[in-house]
Amino acid sequence: MAKNLGMVFKRVRRSCSHKRDQEHFDRCKRALAEAQEAEDKGLINLFYFDGSGFSQEPSVPYAWQPKGEQLRIPSVKSKRINVLGFMNRSNDLFYYPVIGKVDSQAVINVFNDFAEQMAVPKYSSGDRYTAQFSLSIGDLEYTDYSL
């Protein structure tokens with residue numbers, strides 16, 4: 001019946017937007033726009049920082065299944081491979097694979113290595129890693145463009 005109404009069965013997207021400080025969010029958006037404008041003028045190299053983890057152990061999704069049957073996904077235990085990386089709007093990518101846990105020291109090492117490779121002023125915009133490790137990265141050089 002739901003299918004006839006144009007509905008599909010899929011995961012629901014999580015959102016934390018109801019918890020964010022809108023004023024802080026708007027300030028960060030403006031700072032990012034200013035950084036992008038400075039990059040457009042050739043004043044800086046702007047890179048975005050993010051990380052992701054990979055494993056051979058799949059997440060278990062929901063799926064339509066015949067009653068009385070259960071779909072099975074092949075699974076293998078493996079070490080998690082994390083990749084931390086910097087990418088700009090021209091798709092230049094600098095990535096750093098990390099086997100196992102990513103702690104604040106691993107992030108500091110990645111930022112330091114990346115900074116050594118850059119020849120002009122550096123600014124990065126990160127997501128949760130910048131916030132998550134902000135206390136541990138206190139000895140790194142920050143600018144107004146770091147988000």
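## An exposed loop residue

Asn 91 is exposed, its relative accessible area being 56%. The cut-off for this label is over 50%, so at 56% Asn 91 falls in the exposed class. The model described here is predicted.

Asn 91 sits in the loop that links strand S2 (81-87) with strand S3 (93-99). Although Asn 91 is not a glycine, its phi is positive, at about 70°.

## Overall layout

The protein has three helices and four strands. Along the sequence these elements come in the pattern α-β-β-β-α-β-α.

Of contacts in the protein between residues at least 6 apart in sequence, 57% join residues that are at least 24 apart.

## Surface and interior

The protein has 147 residues, and 23% of them count as buried. Its accessible surface comes to about 11700 Å². Carbon and sulfur atoms account for 53% of that surface.

Phe 9 lies in the segment before helix H1 (22-40). The relative accessible area of Phe 9 is 41%, which makes this residue partly exposed. Patch residues need over 30% relative accessible area, and Phe 9 has 41%.

How values were computed. Residues numbered from 1 in each chain as written. Predicted model: local features only at pLDDT ≥ 70, side-chain atom pairs only at ≥ 80, totals over all residues. Heavy atoms only, no water. Helix = DSSP H or I, 4+ residues; strand = E, 2+ residues; numbered from the N terminus. Buried < 20%, exposed > 50% of the residue type's maximum accessible area, 1.4 Å probe, protein only. Contact = heavy atoms within 4.5 Å. Areas by Shrake-Rupley, 256 points an atom, 1.4 Å probe, with all protein chains shown as cover.
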